[in-house]
Structures are given as structure tokens and as C-alpha cells.
Amino acid sequence: MAAKVMRAVQYDRYGGGAAGLKHVEVPIPSPKKDEVLLKLEAASINPVDWKIQKGMLRPFLPPKFPFIPVVDVAGEVIELGPGVSSFSVGDKAVAMLNFPTGGGLAEYAVAQVNLMVSRPPEVSPSEGAGLPTAAVTALQALKAAGMKFDGSDKPSNVLITAASGGVGHFAVQQAKVAGLHVTATCGARNVDLVKSLGADEVLDYKSPEGAILKSPSDKKYDAVIHCTTGIPFSTFEPNLSSNGKVIDITPSFKSMVTFLLKKVTFSKKKLVPLLLAPKREELEFVMQLVKEGKLKTVVDSVHPLNKAEEAWVKSIDGHATGKIIVEM
């Protein structure tokens, strides 16, 4: 490979938001055992990326500065590390990079093959890069609610909050794959979009019904996939069925306390904190759904690498519809 350095975007301290991002040239990394080097085509920003910069996971992440953020990427395999036999040079792939090392806002990145899948030609780089964290989180949240996706799921009612966001829009589509009745919340401008993704009922979260999360057809929810923050368990509780669960994908200290309280009081209505534990077979499952036309990535906006700050600001702002993409 002739090039020895690559363009990248990094930060060298906690805080600073988009202004803390710096455009640099750094050495191209080399793949180690069971890793490949990808020439990146697209990357997707998730809220956890700027939360790490903000210091919300210190002292664990990032392990050191400077740090190149972002883990969800699509690219072409250009070099194999020792022991790699499942991919070949020239393969198109989608990967979730290692969180401690990051590396997604760059022209090249090293990916572990155990969190990487092939990208079929009918899935664009931007659509593929949008999948790993958000679509797999949605899948794991639905599984935590009791869904198996093996044809044995019983009809049940699910509420999905922030249903036009990164995780929420995938959760709506996957809930329909599982045969569920979906009530969803979103802003007024996205009601039609969320209906088009398959939601049976859509609530404007600013309306009186949306504020109390009441189903328009008076259904009680067997599960809630909670994709936003700031809604107390007491708002969900009257709307839950007798064994209803709230799956919280961004658990706070307060929600952990609620989780423990419900556990020690043997409450049938539960709050379940979800921490993403990525698995390759689940990334393969969501990619297959995309290939079959049952799942699509809604792309909010696409930004070039040299304007990655714009994508960062948009994610921090918190009103994106679907996924925010950076193309290389």
C-alpha cells in the first residue's frame, strides 16, 4: 500500500463538543491477528460517541488521548491480519469497531472479524454503516422484552418511544417482523414516516395523549422499548399490562434504582436496563432483514469527512430522523 498516512478526525481531551474535533494526518493502522484493515466508505455517529467525548464514561473510555471516535463503519477489506480466512481482500463489509480503540472517523480503520459481516451490493455503504449499534440495540431490546424472532412470538402490544430516532426507527420495523402491534411516539413532523415504517398507532409526544403515553386504542403495553430519556417509570406504569416490561436502552442511575426497587419488591411490572452486548450473528440477522427488504436505514443526513463537525453537532442536538452518516 503506497499511502502511509491517512486523514482522520480526533479529539485530545474531554469536552469541547464539535469545536474539540481536530482534522489530522496519522499513520494508517495495521491489522493484528483476526483483524482486517478497511478502507472506509461511510461511518455512522451514535449518541454514545459524543457522550464518551463529554466524559460520561470516564475513566474507562477513551483509554487514552488523542482518540479517533466512532465505531459503526462500512468499507472495503484491503489487508488481512494473521488468521483471517472468512474475508478476502476486495470484500465489502460492515463492522462495529472496538469501542476502546474507536477509529471510525478516518479514511482507514482496523476491524475485528468477529464483529464484521459482508455488505451485499443492494445495501449502500451509508445504509450499512447505520446498522451495527442502532439496529442491534433495537434487536436486543426486543429480545429482552421476550421476542424470539423464530416464528413462535405471540401477538403482543409494544410501545416504542422516540420512534423516529436511530434505535427507534429500527425497533419499529423489527417489532413488525416479530408480528407485534406497535404504538410509537415521535415529533409531529415524523408521524407519517413512522407510520410508513409499520407502526400501527403513532402519538405526537407533545400532545396530551403522547405526554401520558396512552394508546389511542386503549391497549395496555406488554413491553416498552424506551429510546429516549426523561420519562419516569410512573408515567409508563399505568399503561403496562400486568406483566409489562420497560426496556431502557439508556439507563441512568435513577432507572437502575427503579430496576432494583422493582426486583426487591417482586413487582410483576419491571424496568429492565439494557447494555449493548454486540454479537456477530445479530449483525448478520439485521443485515439479512435489510437484504430481504424487511428493514431499512433511514438516513437523516450525509456529511463529508472534512465536515464531520456538522454531523457531530447534529447528533448532539438530538433531533435527527434516523441515522447521521459521514462519508469518506
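Modeller: Let's start at Gly146, which follows helix 3 and has a positive phi, near 110°. Helices here are DSSP runs (H or I, at least four residues), numbered from the N terminus. This is a predicted model, where local features need pLDDT of at least 70, side-chain atom pairs count only at pLDDT 80 or more, and totals for chains, interfaces and linings use all residues. Residues are numbered from 1 along each chain as its sequence is written, and side-chain values use heavy atoms, leaving out hydrogens and water.

Colleague: How many of the 13 residues of helix 3 are buried?

Modeller: Eleven, so helix 3 is largely enclosed by the rest of the structure. Buried means under 20% relative accessible area, exposed over 50%, partly exposed in between (1.4 Å probe, protein chains only). Among the buried ones are Pro132, Val136 and Leu142.

Colleague: And at what angle do the axes of helix 3 and helix 9 cross?

Modeller: Roughly 100°, and the axes come within 10 Å. Axes are lines fitted to C-alpha atoms, for helices over the stretch in contact, with angles from 0 to 180 degrees between N-to-C directions.

Colleague: Which residues of helix 9 make the contact?

Modeller: Glu282, Leu283, Phe285 and Val286 (contact means heavy atoms within 4.5 Å).

Terms used: Helix = DSSP H or I, 4+ residues; strand = E, 2+ residues; numbered from the N terminus.
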